[in-house]
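Biologist: I am new to this structure and would be grateful for a close look at a single part of it. Please describe that part in detail and show how its surroundings connect to it.

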Amino acid sequence: MPTETIDTLIVGGGQAGIALSEHLGRRKIPHLILEKNRIAEAWRSGRWDSLVANGPAWHDRFPNMEFRDFHPDDFVPKDAVADYLENYARMVGAPIRTGVEVRSAEPWLGRGGFHVETSEGAFHARRLVAATGAFQIPVIPPVLPEEAGVAQIHSYHYRNPEQLAPGAVLVVGGGSSGAQIADELNRAGRAVYLSIGPHERPPRRYRERDFVWWLGVLGLWDMAAPRPGTEHVTIAVSGAYGGQTMDFRRLAAEGVTLLGMTDRFEGGRLLFRDDLRDNIARGDESYLKLLDQADAYVERTGIALPEEPEARRPWPDPESLVHPIRALDLAGRGVRTVIWATGFRQDYSWIRADAFDERGAPLHSRGVSVVPDLYFLGLPWQSRRGSSFIWGVWHDAKYIADQIAIQNAYLAYPGSAGAGAGGQTRSVAE
Ligand SMILES: Cc1cc2nc3c(=O)[nH]c(=O)nc-3n(C[C@H](O)[C@H](O)[C@H](O)COP(=O)(O)OP(=O)(O)OC[C@H]3O[C@@H](n4cnc5c(N)ncnc54)[C@H](O)[C@@H]3O)c2cc1C
């Protein structure tokens with residue numbers, strides 16, 4: 001099979017790849033997206049049935065298209081998000097080949113760019129963009145041995161309560177996934193245990209504004225990426241049931257038993273750290289801090305938003321917080337399933353280049369790799385807090401497209417375009 005040549009090859013047809021295609025298209029940079037499954041596959045098959053977007057429709061979208069058939073304040077169901085992304089790809093004329101898996105990519109010595117092997121032949125790509133998603137490989141910590149006698153699944157494989165064996169469920173993880181799944185199972189009548197680590201939990205709405213609005217006007221979505229190695233704290237939010245503040249005391253009042261961080265399995269019992277009160281306190285702190293910042297904003301700007309003192313009235317401490325359980329006899333409590341909502345890792349094993357640190361994380365600056373002609377897109381905190389969200393990745397994509405355009409402009413200087421794929425270039429200033 002002959003080798004196809006292309007200026008920019010984007011790997012991954014999710015929101016990141018589509019956003020980049022829009023920006024490259026505007027700059028007339030020839031490019032192609034290769035997607036191993038379908039467009040926006042993660043939103044179709046990589047989420048549980050009832051998942052809705054975490055932010056309202058007016059906010060969680062690309063700037064150039066609104067959600068049809070939804071009120072701006074609605075939280076859009078996952079399949080409608082996938083449809084939206086598919087329609088968006090059509091609108092911007094994104095050149096996507098679906099069902100094509102990229103198997104390897106390595107710098108092409110003497111020719112420049114990358115030699116890329118796919119399930120449908122080889123490419124010479126002058127530039128390569130890995131837009132393969134940050135939430136790729138589900139991570140289950142090695143805590144529970146088989147002899148514990150419970151089914152274990154990752155949140156990635158959770159679909160609905162009916163899928164699980166009858167009985168109680170332990171959900172591990174107090175981020176958005178863990179909290180939402182625990183809430184859903186509890187509403188379905190299951191006995192639910194929820195193991196919570198350090199987290200932040202903003203109010204869903206305060207003084208008649210959704211928290212996404214508050215984070216916006218306070219400049220917090222634009223918060224710069226923390227230094228490498230800085231602790232990542234998960235955030236517990238939910239658009240489910242019309243959107244509610246993820247308050248763990250409320251969940252407990254509705255029947256969920258709260259637990260500290262899951263630690264280890266010993267003597268037939270699962271043990272938890274003595275950190276539940278600290279973790280809840282830290283969540284409360286983040287909640288109250290945002291209320292304070294919002295109040296200060298109202299005071300400073302004089303914007304007419306009604307006061308909401310009841311937002312500061314906490315739910316009572318539940319028994320599981322007053323006297324935290326440190327050990328659980330899973331069988332004795334009727335726990336038949338453990339759901340690990342413990343996050344994901346990335347897989348860049350297909351990129352054969354010295355582009356990663358010892359943990360396998362990309363070495364980059366705002367998505368521009370330390371390896372020439374290689375870019376990453378869709379990384380959490382790629383440039384700022386909003387980076388992994390639909391609307392945030394659009395801005396990171398714009399930056400990457402700018403960097404590619406700048407490089408191409410240099411190669412447009414007569415006699416410079418030795419690294420020869422594509423060849424169409426535009427001016428740096430565009
Ligand atoms: C449970 C959950 C809920 C979320 N909810 C929200 C939300 O409400 N709002 C929000 O803004 N964000 C949300 N996110 C975060 C983020 O927006 C999504 O994860 C989003 O899917 C990321 O888009 P992406 O394009 O970066 O990656 P993905 O959507 O994962 O797209 C990457 C694509 O690359 C393809 N691919 C991977 N490897 C290869 C290869 N070797 N060759 C070819 N193709 C390949 C995959 O098939 C995939 O389609 C959520 C994330 C999770 C896990």
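**A helix and its surroundings**

Modeller: The buried residues of α1 are Q15, A16, G17, I18, A19, L20, S21, E22, H23 and L24. Here a residue is buried if 20 or more other C-beta atoms lie within 10 Å of its own, exposed if 12 or fewer, and partly exposed in between, with the C-beta atoms placed from the backbone. The model is a predicted one, in which local features need pLDDT of at least 70 and side-chain atom pairs count only at pLDDT 80 or more, while totals for chains, interfaces and linings use all residues. Residues are numbered from 1 along each chain as its sequence is written. Helices (H or I, at least four residues) and strands (E, at least two) are DSSP runs, numbered from the N terminus.

Because 10 of the 12 residues of α1 are buried, this helix is largely enclosed by the rest of the structure. The length of α1 also agrees with expectation: at 1.5 Å a residue its 12 residues should span 16 Å, and its end C-alpha atoms are 17 Å apart. The expected span is 1.5 Å times one less than the number of residues in the helix.

The buried residues of α1 pack against β1 (4-11), β2, α3 (78-91), β6 (121-130) and α9 (390-411). Packing rests on contacts, and two residues are in contact if their C-beta atoms, placed from the backbone, lie within 7 Å.

At 1.5 Å a residue, the 22 residues of α9 should span 32 Å, and its end C-alpha atoms are 32 Å apart, in agreement. The buried residues of α9 include I390, W394, A397, I400 and I404. They pack against β1, α1, β6 and β23 (374-376). Leaving aside neighbours within four places in sequence, A397 is in contact with A16, A19, L20, H23 and L377.

Both L20 and A397 are named in the largest nonpolar core, which has 57 residues; L9, L20, L85, L128, V129, L377 and A397 have the most contacts inside it. The largest share of this core, 8 residues, comes from α9. A nonpolar core is a set of buried Ala, Val, Leu, Ile, Met, Phe, Trp, Tyr and Cys residues joined through C-beta atoms within 7 Å. In soluble globular proteins, nonpolar side chains tend to be buried together. Apart from this core lies another, of 34 residues, among them Y158, V169, L270 and W340.

G378 is found in the loop between β23 and α9, and its C-alpha atom is separated by 5.5 Å from that of A16, although the two residues are 362 residues apart along the chain. Not counting residues up to four places away in sequence, G378 touches G14, A16, A131, G133, A134, S388 and V393. With 27 C-beta neighbours inside 10 Å, G378 counts as buried.

The ligand forms another part of this setting. 31 residues surround the ligand, and the closest are G12, G14, G133, G378 and F389. A residue is near a molecule if its C-beta atom, placed from the backbone, lies within 6 Å of it. α1 (15-26), β2 (31-35) and α2 (41-45) each supply at least two residues of the shell around the ligand. By class, that shell has 12 nonpolar, 13 polar and 6 charged residues. In this count Ala, Val, Leu, Ile, Met, Phe, Trp, Tyr, Cys and Pro are nonpolar, Asp, Glu, Lys and Arg are charged, and the others, Gly among them, are polar.

Finally, there is the residue that comes after the helix. α1 is followed by K28, whose place is in the loop between α1 and β2. K28 has a positive phi of about 55° although it is not a glycine. In contrast to the buried residues of α1, K28 counts as exposed, with 12 C-beta neighbours inside 10 Å. A positive phi also occurs at E208, near 65°, in a residue other than glycine. E208 is found in the loop between β12 (205-206) and β13 (209-210), and E208 is exposed, with 10 other C-beta atoms within 10 Å.
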